[in-house]
Amino acid sequence: MKIDFYKRAALVCRQIPRGTAATYGQIALLCGYPKNSRQVGYALGHHLIGDAPAYRVVNAKGLLSGAASFETPDRQRELLENEGIEVIWTDRGYHVDLNKYGWKNTLEEALWLRSEFKSQNI
DNA sequence: TCAGTGACCAGAC
DNA sequence: CGTCTGGCCACTG
């Protein structure tokens, strides 16, 4: 089932370091399903990742494309700014600079996740 | 079964 | 920069 994908996504999201933002595609890739970026958005929007920090996930352009699904439209921005991430307002919506705040995950992190999937059988 | 729908994305121009 | 397109795939009515 794809339940496994959502469990993996939850685990990946919990590894996003404080003060950084990850992209949907990056999460999907680390899950081992590089083509499932849309399902990452689905998982976050339907609260399928438990207590994992969904607010640290933005799209490939740095846009907070899911801001509308939070308690208030500004909640995601507040949470990010609380971690020291600058959030810029544009006509498109809120943005973060991925060059500054994007999560540059290491190979070690990717390998660790892979071993976790295995040991947790997901 | 099947068409429509996204918190997506890379490439083309 | 900006817009459009085709591809992607789980989920839904």
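The legends below describe close-up views of a predicted model.

**View 1. The edge-to-face pair of F5 and Y33.** Among the four aromatic pairs that a search of the whole structure finds, this view shows the one formed by F5 and Y33, whose ring centres are 5.4 Å apart and whose planes stand at 90°, so the pair is edge-to-face. Because F5 belongs to helix α1 (residues 3–14) while Y33 sits in the loop between α2 (24–31) and α3 (37–45), the pair ties together parts that are 28 residues apart in sequence. F5 counts as buried, at 1% relative accessibility, whereas Y33 is partly exposed, with a relative accessible area of 25%.

**View 2. The edge-to-face pair of W89 and Y94.** In this aromatic pair, which is also described as edge-to-face, the rings of W89 and Y94 lie 5.0 Å apart from centre to centre, with 70° between their planes. W89 is exposed, with a relative accessible area of 59%, while Y94, with a relative accessible area of 17%, is buried, because buried means under 20%.

**View 3. A cluster of aromatic rings.** Ring pairs link F5 and Y33 with Y6 and Y42, and these four residues form a cluster.

**View 4. The largest pocket and its lining.** The largest pocket, with a volume of about 270 Å³, is lined by 15 residues, and of these L44, H47, A54, S69 and F70 lie nearest its centre. Helix α3 contributes three residues, the largest share of the lining of this pocket. By residue type, the lining of the largest pocket divides into seven nonpolar residues, seven polar residues and one charged residue.

Note on methods: Residues are numbered from 1 along each chain as its sequence is written. Chains are lettered from A and ligands numbered from 1 in the order in which they are written. This is a predicted model: local features need pLDDT of at least 70, side-chain atom pairs count only at pLDDT 80 or more; totals for chains, interfaces and linings use all residues. Side-chain values use heavy atoms; hydrogens and water are left out. Rings of Phe, Tyr and Trp (its six-membered ring) pair if their centres lie within 6.5 Å; planes under 30 degrees apart count as stacked, over 60 as edge-to-face and the rest as tilted. Helices (H or I, at least four residues) and strands (E, at least two) are DSSP runs, numbered from the N terminus. Buried means under 20% relative accessible area, exposed over 50%, partly exposed in between (1.4 Å probe, protein chains only). On a 1 Å grid over the protein atoms alone, a cavity is a set of points where a 1.4 Å probe fits but cannot get out, and a pocket is an open set with protein on both sides within 12 Å along at least five of seven lines; lining residues have an atom within 4 Å of a point. Grid points are joined across faces, edges and corners, and a volume is the space filled by probe spheres set on the points. Ala, Val, Leu, Ile, Met, Phe, Trp, Tyr, Cys and Pro count as nonpolar, Asp, Glu, Lys and Arg as charged, and the others, Gly among them, as polar.
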